Amino acid sequence: MLKANPSSPVQSDDFIRLVHGGGGSFSKRLLEEVFLPAFRNPALDALNDSAIVEVPAGPLAYTTDSFVVDPLFFPGGDIGRLAVCGTVNDLAVVGARPVALTAGFILEEGLALDDLKRVIRSMKTAADEAGVRIVAGDTKVVQRGKGDGIFISTSGIGVFEAGRRPVSGSGAKAGDAVVLSGPVGRHGLAVLLSRENLGLRNPPESDVAPLNGLVAALLEAVPGIHAMRDATRGGLGVVLNEIAAQSGVGIEIDETAVPVPENVRGACELLGFDPLYVANEGVLVAFAEAGRAEALAGVMRRTPSGAGAAIIGRVLEGQAGRVVLRTAIGSRRILDWISGEQLPRIC
Ligand code: MG
């Protein structure tokens with residue numbers, strides 16, 4: 001049901017056909033019956049070659065991402081929710097307010113129209129949660145076997161509230177606290193377990209969610225956030241290494257302070273994964289002076305995605321680019337860059 005059905009009659013109205021990507025009457029019908037009713041907004045409805053979006057003067061955040069997750073639907077989310085939240089979150093963590101997204105779809109011939117509609121509805125729900133509009137899009141269809149159901153690329157623009165500066169990954173300073181917005185490891189395992197069907201009881205659900213509300217609350221309540229990043233591909237371990245390298249600082253993390261859900265820990269032990277390197281889609285790390293750490297965690301906990309927020313470590317003088325984990329028994333080990341991809345096609 002999730003993949004293109006090899007025996008499906010491609011002439012049927014229930015499946016995507018090559019003509020849906022041809023720009024003719026079938027493309028028009030797909031647009032009018034599926035995309036426009038779902039995403040409806042003035043910039044999209046104008047149906048011009050480019051959407052026109054009003055933005056205030058000042059810097060613009062602009063980002064893009066592609067989504068090839070397999071399977072298309074997994075516990076806690078699907079490729080549509082992921083495609084919206086991924087781009088919204090990349091805008092949010094630089095301190096921008098997401099304003100508009102565009103979406104490019106590459107559909108495989110034979111894809112069930114109902115699956116496409118389900119993905120589109122999910123994108124609309126996520127966009128509404130984030131308060132962002134999808135203002136332009138494109139659809140192409142590739143022959144059966146040349147794609148994998150649906151691939152989506154989203155781009156997004158965001159603006160900065162008056163007087164706010166963009167937040168960079170290079171701003172972490174010695175003496176800063178490291179604050180994590182929630183428990184780690186859920187998304188990567190949710191996707192992997194739904195693909196492999198290992199029959200685990202109580203498998204993790206993806207955490208995929210828009211974080212712009214959480215970030216807006218942080219920026220409003222706590223001045224002086226030095227750095228932020230969402231802990232997506234490569235998980236917390238890789239993101240901490242990125243910030244340590246970009247900021248030229250050392251980072252020390254307390255292993256026992258990092259929230260890892262019991263079902264994530266169990267699945268990781270079974271599969272031989274380190275939860276610190278498993279991707280998240282609704283978790284970020286923020287760096288600010290140690291004196292502001294409690295306030296930061298407190299604001300996070302009052303938002304839906306930040307209920308499990310925790311102060312997990314500190315930024316050290318010297319040791320530029322180095323991330324150290326202080327373990328439960330008090331020993332220290334380097335939390336290194338991971339080599340290669342721990343889990344393929346999870347986003
Ligand atoms: Mg990111």
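Tutor: Keep in mind that this is a predicted model. Its largest nonpolar core has 83 residues, and Leu116, Met123, Leu240, Ile251 and Phe287 are those with the most contacts inside it. Helix α4 (residues 113-130) gives the largest share, 8 residues.

Student: How do you know where this core lies relative to domain 1 (18-159) and domain 2 (176-334)?
Tutor: Both domains give residues to the core, so it lies between them. There is also another core apart from it, of 22 residues, including Ala92, Ile225, Val299 and Ala309.

Student: Which residues is methionine 123 in contact with, leaving aside its neighbours within four places in sequence?
Tutor: They are Phe39, Gly80, Val84, Ala103, Phe105, Ile134, Ile152 and Thr154. Each counts as a contact because heavy atoms lie within 4.5 Å.

Student: Let's turn to the metal. What makes Asp90 and Asp230 ligands of the magnesium ion?
Tutor: Their OD atoms sit at 2.1 to 2.2 Å from the magnesium ion. The cut-off for a donor to this metal is 2.8 Å, so both residues qualify. Water is not among the atoms, so the site may look incomplete. The pair links distant parts of the chain: aspartate 90 belongs to helix α3 (residues 79-92) and aspartate 230 to strand β8 (residues 225-230), 140 residues apart.

Student: Why is aspartate 230 called buried, and why is aspartate 90 called partly exposed?
Tutor: Aspartate 230 has a relative accessible area of 7%. Buried means under 20%, so aspartate 230 is buried. Aspartate 90 has 24% relative accessibility, which falls between the 20% and 50% limits, so aspartate 90 counts as partly exposed.

Student: What makes the backbone of asparagine 202 worth a look?
Tutor: Its phi is near 55 degrees, a positive value in a residue other than glycine. Most residues other than glycine have a negative phi. Asparagine 202 lies in the loop between α5 (186-196) and α6 (212-221). At 57% relative accessibility it is over the 50% limit, so asparagine 202 counts as exposed.

Student: And what about glutamine 319?
Tutor: Glutamine 319 has a positive phi too, near 50 degrees. This residue lies in the loop between β11 (310-316) and β12 (323-326). Its relative accessible area is 41%, between 20% and 50%, so glutamine 319 is partly exposed.

Student: Which kind of peptide bond joins aspartate 70 and proline 71, cis or trans?
Tutor: That bond is cis, with omega about 5 degrees. Proline 71 lies in the loop between β1 (60-67) and β2 (73-74).

Key. Residues numbered from 1 in each chain as written. Predicted model: local features only at pLDDT ≥ 70, side-chain atom pairs only at ≥ 80, totals over all residues. Heavy atoms only, no water. Core = buried A, V, L, I, M, F, W, Y, C linked by side-chain atoms within 4.5 Å. Buried < 20%, exposed > 50% of the residue type's maximum accessible area, 1.4 Å probe, protein only. Helix = DSSP H or I, 4+ residues; strand = E, 2+ residues; numbered from the N terminus. Domains from an automatic or database assignment. Donors = N, O, S within 2.8 Å, 3.2 Å for Na, K, Ca; no water.
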